[in-house]
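Visitor: I am new to this structure. Please show me how to read it, feature by feature.

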Amino acid sequence: MAAAGRKGQGAAAGRRRRPRGAGSGGKPRPAPARPRDEEVSSDSEAESLAEGQQQQQQQQQRRRRREEEEEEEEEEVEETPQEKKLRLAKLYLEQLRQHEEEQAEEEEEENAAFFRDPVGERLKEDVLEQKGRLQRLVAKEVQPPDPLSIRVLRGHQQPITCLVISPDDKFIFSAAKDGSIIKWEVESGKRLYVMPGGKKGTGQHMGHTAQVLCMAISSDGKYLVTGDRNKLILVWEAATCKRLHTFTGHRDAVSGLSFQKGTHQLYSASHDRSVKVWNVAENAYVETLFGHQDVITGLDSLSRECCVTSGGRDGTVRVWKIPEESQLIFYGHQGSIDCIQLINEEHMVSGADDGSVALWGLTKKKPLALVRQSHGTQGENDLQQPYWVSAVAALRNSDLVATGSHSGSVKLWKCGEGFRKLEPLCDIPLVGFINSLKFSATGDFLVAGVGQEHRLGRWWRAKEAKNSICIIPLKRGAAAPSSGAADRAWPGELQELAH
């Protein structure tokens, strides 16, 4: 029994030393079944399940790659070199198109977010203004001014020839045929400074000794310049009316002056048919431009390095491109072109002694719009002549224009869409020769320089007229107030002009 027991123990020991799961012959035995009540680890099952799924995905990916490689091999076999180049080119173009679309969408989103704030609106307006594509639609809101609301400032003894308004709309500077210059306060109407005119040869006179024909003020309000029939340009400190410098060089009367906006570069025009460029801050002469065939009667400029001139009886309006040393020539009036004003960087208005008013665009050599006999006619039936247009003004970057004559009224006009039409709005009664017109920067008022004679001669004399400065308030009709950058000028609908 003992031997049998030891044999049994030996057999059991031998069985214990045999590898687990291996039966006779080395074949794996099936795993013994787990009791039903044995707990199974959920973590191990999840791991094994995830491993199985991962293996299946890897197999599918390998299978897919093999299929794609086989398809590419087939395509390579079937495609010619030209077809392959064409396919790759199309693919590249499609990628570029998608990239451009995505970039454009991003820029639009950024711009929309940027221009929603007031600073963005202001910058957008400045950009459009530089391009000449900004137009503020205010003419439709203008109400005819009450004649009793017009303020009359008396101080000059002879006819007013020219005037300017300070950039902040607080002061008016005016000049007359007697050579005098007066600085007015707009709010009170008081004379702040008077620079009297003198007679030629009176010694150390600080002012003009001849008729003052033109004046301009820098956009920062620092410098005032005036030009006279004695061929002189005087530079003044606008705040104190102290004379600073004198420019000489023109060979005849100085008839037009204008500062380039945002700079101290000055353009001057003369009856000697030339345009000169000066640097006022450095008291320096820059250059002279020639081209007109008759006396130059008017000049204007904005922020671009160019100016526009009216050429009297040579019948031309010219745009002078200073850096390129070139000029554009425009034809349209039949008489002497006596006045001109820029509306924006791309459009201008001019008036002539044939009674016509013209709107111009820099891209066309003929007027976009022309109104003949704009102020009517005078004289008997057989000797009727149109009233001369002696002054024009434009509210910058808007559709509002004013013209003056000696017909007894100042006319307000509305520029149509694209400046292709000029529609009359209303007449403002003023007796005398309207020798100068200027809108305030905000468009709240219009200033007229009135005289008994035309600024360039003595062909007629209106005895009933008063040599004066007239401040005409401009009121707009009931309209929803605008917001943003438009509020710094007359509120009105902003429109971006098409190219």
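Visitor: Which residues have the most contacts inside the largest nonpolar core?

Guide: A nonpolar core is a set of buried Ala, Val, Leu, Ile, Met, Phe, Trp, Tyr and Cys residues joined through side-chain atoms within 4.5 Å. Buried means under 20% relative accessible area, exposed over 50%, and partly exposed in between (1.4 Å probe, protein chains only). Here the largest core has 23 residues, and those with the most contacts inside it are Val410, Leu412, Leu430, Ile434, Leu437, Phe439 and Leu446. Among the elements that give two or more residues to this core are strand S28 (409-415), strand S30 (433-439) and strand S31 (445-451). Strands (E, at least two residues) and helices (H or I, at least four) are DSSP runs, numbered from the N terminus. A second, separate core of 16 residues includes Cys339, Val392, Trp413 and Leu422.

Guide: A word on the source. This is a predicted model, in which local features need pLDDT of at least 70, side-chain atom pairs count only at pLDDT 80 or more, and totals for chains, interfaces and linings use all residues. Residues are numbered from 1 along each chain as its sequence is written, and side-chain values use heavy atoms, with hydrogens and water left out.

Visitor: What is the order of the strands in the open sheet of four?

Guide: Two strands pair if DSSP finds at least two bridges between them. In this sheet the order is S16-S17-S18-S19, with antiparallel pairing. Strand S16 (298-301) and S19 are the edge strands, each pairing on one side only.

Visitor: How many bridges join S18 and S19?

Guide: Six bridges, in the antiparallel sense, pair S18 (residues 316-321) with S19 (residues 326-331). Arg318 stands opposite Ile329, and Thr316 has Tyr331 as its bridge partner.

Visitor: Where do Arg304 and Glu346 lie?

Guide: Arg304 forms a salt bridge with Glu346, the closest N and O atoms being 2.8 Å apart. Arg304 lies in the loop between S16 and S17, and Glu346 in the loop between S20 and S21, so the pair ties together parts that are 42 residues apart in sequence.

Methods:
Salt bridge = Lys/Arg side-chain N within 4 Å of Asp/Glu carboxyl O.
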